[in-house]
Amino acid sequence: MKKMTKSLLALSLASTLLGTSGLALADSFAITNATVHTATEQGVIQNAVVVVKDGVITSVVPATAGITYDVDNIIDAQGGIVTPGFIGSMNILGLVEVNAVTDSSDAWDKKADITFDPSFGYNPKASSIAFTRKGGITLNVVASSGGEDIHSGQTFLVDLTGDWDSVKATSTGVFVSLGANHEGSRATSIQQLITQLEKGQKSLAKVSKDKKAKEDAPEPEAADEIVKSILSGEKPLIVSVDRASDILAILKLKQRFNVNLVLVGAADAVLISEQIAKANVPVIIDAMRNLPESFDSLHNDLSNAGKLHAAGVKVILSNMGDSHNIYNLRYSAGNAVANGMDYNAAIAALTVNVADTFNIDSGSIMVGKPADIVIWNGDPFEFSSHVVKMYIDGKEQSTQSRHDKLRERYTTPSDMPRGYTK
């Protein structure tokens with residue numbers, strides 16, 4: 001039942017009287033009459049109730065369980081679908097405003113290397129962020145476009161509230177691009193990566209063996225520290241690579257250095273899916289890649305996501321590198337399902353698989369998790385469906401974008417020219 005406690009009412013009244021409009025009170029609420037895709041072992045719960053208090057999920061049960069809940073608001077999903085907020089990854093959202101305007105792009109730098117931290121260029125007020133929320137995306141792992149080095153820099157995690165403090169974590173992974181080289185051999189790039197890891201491994205072994213050497217050693221370079229974080233498993237090594245022979249070389253590198261490896265792109269992954277699954281390496285792919293863009297990606301196909309999942313590979317779906325079309329991520333998942341991927345696996349590929357891979361406390365609807373929740377009026381993978389309500393950390397978010405405001409501006413009847421309609 002809907003209920004407001006006396007203490008909450010008093011605090012609300014005090015806030016009004018004192019004019020403290022900036023004080024945010026975390027409302028508790030229950031979502032009822034919903035089909036909940038939990039992205040957990042609970043699977044899909046029909047006619048479920050999800051209870052949220054202080055931004056955290058406190059209960060996920062069928063309505064038939066007959067639980068009582070003391071909350072501030074009840075949201076009737078009216079038979080709609082509830083999913084965890086989708087998580088985008090490996091894109092430049094917030095780093096670019098207009099692709100064709102160089103001054104508005106902070107995703108690439110000629111001198112970018114392993115130490116490049118693109119989070120300093122992130123703009124939480126970029127117009128593409130509000131539009132991306134309309135696609136049900138609540139969190140995003142941002143990656144830069146890099147520079148001339150094999151290293152594209154480091155990834156970082158943001159929520160899509162658009163708030164000034166929406167960067168949740170920086171330096172969450174190290175992004176490397178390998179494969180075909182327009183000005184030389186791909187072997188050089190792989191050798192460069194191996195040499196870096198060998199150097200870091202020797203440095204760690206020396207410090208571990210000689211405590212005195214550790215005390216007398218000069219302050220390590222930032223790049224050396226990052227390499228050590230890869231070797232210790234603290235940060236994943238995220239490698240963009242397509243050709244099967246290159247992927248196999250990187251799998252050997254994982255075995256040799258025991259790094260936390262993530263593959264990106266991986267057009268040829270279907271040829272060696274058994275080896276990838278055995279190595280327990282997640283694969284981030286764009287389900288809409290269906291043409292050979294180069295000799296490295298001759299095996300692009302709309303069915304690849306489903307084939308990799310069936311082979312036991314942890315699949316993450318992503319619109320990689322983009323900034324303005326991440327909204328379409330749910331449609332990519334729908335196409336993956338249409339081409340053989342299990343529906344629940346596609347939900348996981350947008351939620352819990354991303355969270356597990358990048359150590360994000362989100363991605364599932366279960367007790368104790370932050371309330372990153374989306375209510376849909378229908379199947380989220382259907383073109384005609386839309387977000388009814390969205391919550392990030394239990395706080396409702398607007399789904400109005402600049403596109404909506406422009407539509408309203410130019411379709412509102414007025415005696416003034418439409419360009420001047422307010």
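Student: How much space lies in the largest cavity?
Tutor: This is a predicted model, and in it the largest cavity holds about 80 Å³ of space. Thirteen residues, written 13 in the count, line that cavity, and Ile285, Asp286, Arg289, Asp301 and Asn304 are the closest to its centre.

Student: Which helix gives the most to that lining of the largest cavity?
Tutor: That is helix H8, residues 304-310, which contributes three residues; by residue class, the lining of the largest cavity divides into seven nonpolar, three polar and three charged.

Student: OK, and the largest pocket, how much space is in there?
Tutor: About 1100 Å³ lies in the largest pocket, whose lining is made up of 35 residues, with Ser177, Leu178, Gly179, Ala180 and Ser240 nearest the centre. That lining comprises 10 nonpolar, 18 polar and seven charged residues, and the elements that each supply at least two of its residues include strand S9 (167-177) and helix H3 (186-209).

Student: Switching to the sheet, what is the strand order?
Tutor: The sheet is open, has eight strands with mixed pairing, and runs S6-S7-S8-S9-S10-S11-S12-S13. S6 and strand S13 (315-317) are at the edges with a single partner strand each, so one side of each has no neighbour in the sheet. From one strand to the next, the twist averages 30°.

Student: Which helix packs on the sheet, touching S10 and S11?
Tutor: Helix H6, residues 244-257, does so, and its direction makes about 165° with that of S11.

Student: And in which sense do S7 and S8 pair?
Tutor: Strand S7 (residues 137-142) and strand S8 (residues 151-159) are antiparallel, paired over four bridges, and Leu139 has Asp159 in S8 as its bridge partner.

Methods. Residues are numbered from 1 along each chain as its sequence is written. This is a predicted model: local features need pLDDT of at least 70, side-chain atom pairs count only at pLDDT 80 or more; totals for chains, interfaces and linings use all residues. Side-chain values use heavy atoms; hydrogens and water are left out. On a 1 Å grid over the protein atoms alone, a cavity is a set of points where a 1.4 Å probe fits but cannot get out, and a pocket is an open set with protein on both sides within 12 Å along at least five of seven lines; lining residues have an atom within 4 Å of a point. Grid points are joined across faces, edges and corners, and a volume is the space filled by probe spheres set on the points. Ala, Val, Leu, Ile, Met, Phe, Trp, Tyr, Cys and Pro count as nonpolar, Asp, Glu, Lys and Arg as charged, and the others, Gly among them, as polar. Two strands pair if DSSP finds at least two bridges between them. Axes are lines fitted to C-alpha atoms, for helices over the stretch in contact, and angles run from 0 to 180 degrees between N-to-C directions. Contact means heavy atoms within 4.5 Å.
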